[in-house]
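These are my notebook entries on a structure with more than one stretch to look up. I begin with the terms and then go through the entries in turn.

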2 protein chains.
Amino acid sequence: MTAFEALDHLLGQRFSTSLAARRQNAGNEAHYPEALPDAVACPETAEEVAEIMRHCAAEGIPVTAFGTGTSLEGQHLAMKGGVSLDFSRMNKVLQINAEDMNVVVQPGVTRKQLNEELRASGLFFPLDPGADASLGGMAATRASGTTAVRYGTMRENVLALQAVMSDGSLIRTGTAARKSSAGYDLTHLLVGSEGTLGLITELTLKLHGLPEAVAAATCHFDSVAAAVDCVILTIQSGIPMARIELVDEMMVRGFNLHSGIGLPEKPHLFLEFHGGPGAVREQVAMFREIAEDAGAGGWKDAETTEERSALWSLRHGALPAIGALDPRPGRKTYSTDVCVPISRLAEAVSVAQAEARARGILATIVGHVGDGNFHCGMRFDPAAPAEVEAVLAFSGVLAETALRLGGTVSGEHGIGLGKQKYMAAEHGAALDWMRRVKTAFDPQAILNPGKLLPAND
Amino acid sequence: MTAFEALDHLLGQRFSTSLAARRQNAGNEAHYPEALPDAVACPETAEEVAEIMRHCAAEGIPVTAFGTGTSLEGQHLAMKGGVSLDFSRMNKVLQINAEDMNVVVQPGVTRKQLNEELRASGLFFPLDPGADASLGGMAATRASGTTAVRYGTMRENVLALQAVMSDGSLIRTGTAARKSSAGYDLTHLLVGSEGTLGLITELTLKLHGLPEAVAAATCHFDSVAAAVDCVILTIQSGIPMARIELVDEMMVRGFNLHSGIGLPEKPHLFLEFHGGPGAVREQVAMFREIAEDAGAGGWKDAETTEERSALWSLRHGALPAIGALDPRPGRKTYSTDVCVPISRLAEAVSVAQAEARARGILATIVGHVGDGNFHCGMRFDPAAPAEVEAVLAFSGVLAETALRLGGTVSGEHGIGLGKQKYMAAEHGAALDWMRRVKTAFDPQAILNPGKLLPAND
């Protein structure tokens, strides 16, 4: 019996080699071309994942995890065919441990689904990358988003994992205890490994208490530089911002075109504050003092829950709103992200703006600037080689700038396909030790081949 | 030229094979027997560490890092001889980046030294394991201490590392950016690896703003169970405690004997609150309500900086104070530590108390209970086999209890020599993948041999 026959036997209808099923997992929200797996497998349990992996390992068949397909660097694309291991049916919240403020979930649970199921508990999972991504995918990409400045990234919020390794063995890393000094931190090795070291089959995640009080607001500045200066001073002052998002004037124009919101076309900060009522009042007052010194105007509170939801929906609609800036058919959006130490944020953003202008690229800047992290979204025509070259060159300059300023080529989108070319520049000799990990964990190179580590020449 | 000749040539007076020098690094504050290295090397730069490592690798000579020798599971002991690589001369604070709230230090800098040097910056490094440990050692052990409940452990506070690997190559992991999705997280693989995967030669650490307001206090309870219930409710309520330390009645007796402080001999909580003045007032009020409902009495504010220092000096004097409970010559203190999910803390502590009583062991319980982490300190006579056996058996029951309750056999002391026997029970199949990491990173097994991973039978 071949591996595929065995998988057919094991999974029945949940295993398919049909073109329709394969195409469903072949696309992406970014600019990468389609990549067809040879088959799609939809396990329902960790044990099934282990069995799939054992069959594939026996024949050296690649296995690429698929969550919701929302990764922005092509992490879920089956570049060398094989099995697209689709976690969409592993979507159960297994345990809500309110007393311990953690939750145990299958990897296909999405963050919105989780927060729905947490509604009665008084707790929430704050991470918010925009897309309604699967939690397994978020862990694999070390995702973060708007609230990371306060609550951390997936790095800080994954307590423990269950994973299937390249030989089909099933392991558990970490415990539900908040800390441990017992052995190597395999949890953090798997978080951010983009499915190249193991397949996450269960996650124990930290939860946080719903804040007693929440305040949200927007304000605008005459220049991105002034907005960024305000952010730097805010972070340095220690105000525990729950969200502090930069939206440049071009992005505001996109929002206006896309949703008719009618914001002044100036750089904005979108803000949220969490805490006790007194603490929130203190935070807002401290922030406003800093912001007004930096030239902020147009302060607008989002007072009701509905107004706050509308504000963050607007922010999370950045990708379609970028599209509205150049809606010609066939055009795509290339989104890149870098992260720098906060003191270098103004310089990084100003390089991004100047380079985009100089290259005639339609680019927006939005970002989780409290972390020093920002994104450039560029419209381009994938059929026009000069435009493709321009966005790639711009993206390269941005990556090099981040490294020159002591930062990283990706704050949260990951490496996937698009950023392998910067791995040597960012990691130097450490890249060899990453390869050692990969070889030790996946000697046949069948876990998400072609991702994260650049090919050895 | 042999490796030792080469090291002598390289380091001159900073390399020694004298018995006096070797004995200096052979002892420990815990109960482990002396272990003599064959030589002590005191490098001053990362490049020297790399060269030492290359010479030792060429001859298969073990290398064991030594910071301040304050580890509690024998991590710094050269069990198989070789070189004790003593970081005491690598004690420079290299960069204080106040704007980015980080600092770059050599591994031999101690936490108190760092905070002295930060004094003018308005920033501080909050981690406080009690001992004035070296920061390299703290990272290697994944240390934490009294403030981890608020500020996290070394896991959360190391941004980037420089390390020398087993073949003498010098690598950098991480960057000064607050987050990254760029590749495998080698930083977290090295943190907690107890010098068995690489030698940390430089650390970039997060700093935190000195809180605008600080309040500290103590209160007592009629039972440890009542104190623990108060802790659980406090953590669940989301009060961002800066410190919340349990001290049982036996430990209080030790403090009274050791320092004549005259506290009521009841279980206490020692508390600290950080924030803006309004936030601190809110936190104290919320905590007092919970505590009074749980039966707290004897509330005592530590109002001045001096009173606060005295409070935390008292707490950190636990080890000598345990000694005062049984000062007979030749007796030692065996200190063990476990960590459980907060909801299981009451059960874990009650097992510890009952088992100590049943076994006739003089044991104190102190702990960073906000994290579910506590320590038992036991007095015993190393020359009395029955007593040694009793503390080992008690320690084993405690470890098994922690695992049964979903916790870990060490919250912060690490594995070292003493807890290898629980590694298989805690990690199961994951232990094989830890071994893969070790083999990939240190194929000759010359980095701190005999530690962390149990010997393969």
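I first noted that two strands pair if DSSP finds at least two bridges between them. Helices (H or I, at least four residues) and strands (E, at least two) are DSSP runs, numbered from the N terminus. The model is predicted, with local features needing pLDDT of at least 70, side-chain atom pairs counting only at pLDDT 80 or more, and totals for chains, interfaces and linings using all residues. Residues are numbered from 1 along each chain as its sequence is written, chains are lettered from A and ligands numbered from 1 in the order in which they are written, and side-chain values use heavy atoms, with hydrogens and water left out.

Entry 1: strand β13 of chain B.
I looked up the partners of β13(B), residues 243-247. I found that β13(B) pairs with β14(B), residues 268-275, in the antiparallel sense over 5 bridges. Within β14(B), B:His268 is the bridge partner of B:Val247. With β17(B), residues 363-368, β13(B) also pairs in the antiparallel sense, over 2 bridges; there B:Leu246 stands opposite B:Gly367.
I then asked how many residues of β13(B) are buried.

Entry 2: helix α13 of chain A.
I listed the buried residues of α13(A), residues 318-325: A:Ala318, A:Ala321, A:Ile322, A:Gly323 and A:Leu325. They pack against α10, α12, β16, β17 and β18 of chain A. As a reminder to myself, an α-helix has 3.6 residues a turn, so residues three or four places apart point the same way.

Entry 3: A:Gly82.
I located A:Gly82 in the loop between β3 (63-66) and β4 (83-86) of chain A. Is A:Gly82 buried or exposed? I recorded A:Gly82 as buried because its relative accessibility is 1%. Leaving aside neighbours within four places in sequence, its contacts (heavy atoms within 4.5 Å) include A:Pro37, A:Asp38 and A:Ile61. A:Ile61 is 21 residues away in sequence, yet the C-alpha atoms are 5.4 Å apart.

Entry 4: B:Arg111.
I found B:Arg111 in helix α4 (residues 111-117) of chain B. I recorded B:Arg111 as buried because its relative accessibility is 7%. Beyond neighbours within four places in sequence, B:Arg111 is in contact with residues including B:Leu127, B:Asp128, B:Leu135 and B:Met138.

Technical notes
Buried < 20%, exposed > 50% of the residue type's maximum accessible area, 1.4 Å probe, protein only.
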